Amino acid sequence: MAAPSEKLARSLEALKDLQDRDVVAIRSSDLARIDRERLVANGFLQAVIKGWYIPSSPDETAGESTAWYASFWDFCASYLNERFGTVWCLSPELSVSLHAGNRTVPTQLLVRSPKGDNKITELPHGTSLLSVRYNMPELRDIEIINGLCLYALVPALIDCSPRFFQQKPTDIRATLATITDASELLAKLLEGGHTTIAGRLAGAFRNLGRERIADVIVATMRGAS
């Protein structure tokens, strides 16, 4: 009969095989029940929601959030792709933040999908996921980064709320700094007749000292009205 240490070693091999394939969000079906239970009991695996787990360290004290926050975005990408296929995307506001390189874990992850159920899924350590039933943006307006379906930058900036500009000025500044020419925005602004949004973006560019882009946006939108 195999010693307990040998059994654990075999279960760890099964976990390592998943990690070697960059699997972070582990479904119940990814591991044999005995391996899953053994890994949970020894602190190498922790439950997130029913049927889903993430790797953890047995050195973590009870209630510690390190493994969860380190795994959050990869877990959500895998879970959402499993749940909704390709028919989902994060909100424009979260998309802007991620385009800015801000991977701070939100208290609540807002997901848009025609398959959304308008219900909250509770996640570890006070975080949650809210899937809202919402029509998807056009495919050309979606960008996939690290498995996450995001609004592409320009439509994200156009669709995000005015309040977001006040709440996350650093993210707005970081993304606007990547835009080198007004034409990157104008096609989308003109297409939707977004005069108010154009004014907001022009003001943001002026705040950055990018007067030329701001002037072109304002003049073009006035000329089209």
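## Basis

This is a predicted model, where local features need pLDDT of at least 70, side-chain atom pairs count only at pLDDT 80 or more, and totals for chains, interfaces and linings use all residues. Residues are numbered from 1 along each chain as its sequence is written, and side-chain values use heavy atoms, with hydrogens and water left out.

Helices (H or I, at least four residues) and strands (E, at least two) are DSSP runs, numbered from the N terminus.

## Helix α3

Helix α3 covers residues 66–84, 19 residues in total. The expected span is 1.5 Å times one less than the number of residues. α3 also bends, by about 55° at phenylalanine 72. The bend is the angle between axes fitted to the seven residues ending at a residue and the seven starting there.

Phe72 is also among the buried residues of α3. Others include Trp68, Trp73, Phe75, Tyr79, Leu80 and Phe84. Buried means under 20% relative accessible area, exposed over 50%, and partly exposed in between (1.4 Å probe, protein chains only). Just after α3, glycine 85 has a positive phi of about 65°.

## Packing against α10

Two helices are paired here with α10 (residues 211–224): α8 (residues 183–192) and α9 (residues 195–207). Axes are lines fitted to C-alpha atoms, for helices over the stretch in contact, and angles run from 0 to 180 degrees between N-to-C directions. Contact means heavy atoms within 4.5 Å. Angles under 35 degrees count as roughly parallel, over 145 as roughly antiparallel, 65 to 115 as roughly perpendicular and the rest as oblique. A crossing is left-handed if the near helix is turned anticlockwise from the far one by less than a right angle, and right-handed if clockwise.

The axes of α8 and α10 come within 11 Å and cross at roughly 30°. The two are therefore roughly parallel. The crossing is right-handed. From α8, Leu185, Leu186, Leu189 and Leu190 meet Val216, Ile217, Thr220, Met221 and Ala224 of α10.

The axes of α9 and α10 come within 8 Å and cross at roughly 165°. That makes α9 roughly antiparallel to α10. This crossing is left-handed. On the α9 side, Thr195, Ala198, Ala202, Phe205 and Arg206 take part. Their partners in α10 include Ile213, Ala214, Ile217, Val218 and Met221.

## Positive phi outside glycine

Aspartate 22 sits in the loop between α1 and β1 (26–27). Its phi is near 60°, a positive value in a residue other than glycine. Aspartate 22 counts as exposed, at 68% relative accessibility.

Histidine 125 lies in the loop between β6 (119–122) and β7 (128–133). Its phi is positive too, near 55°. Histidine 125 is partly exposed, with a relative accessible area of 33%.

## Two further aspartates

Aspartate 17 belongs to helix α1 (residues 4–20). It counts as partly exposed, at 41% relative accessibility. Its C-alpha atom is separated by 46 Å from that of proline 162, 145 residues apart along the chain.

Aspartate 141 is placed in the loop between β7 and β8 (142–145). It is buried, with a relative accessible area of 10%. Leaving aside neighbours within four places in sequence, aspartate 141 is in contact with Leu150, Tyr151, Ala152, Pro155 and Lys188.
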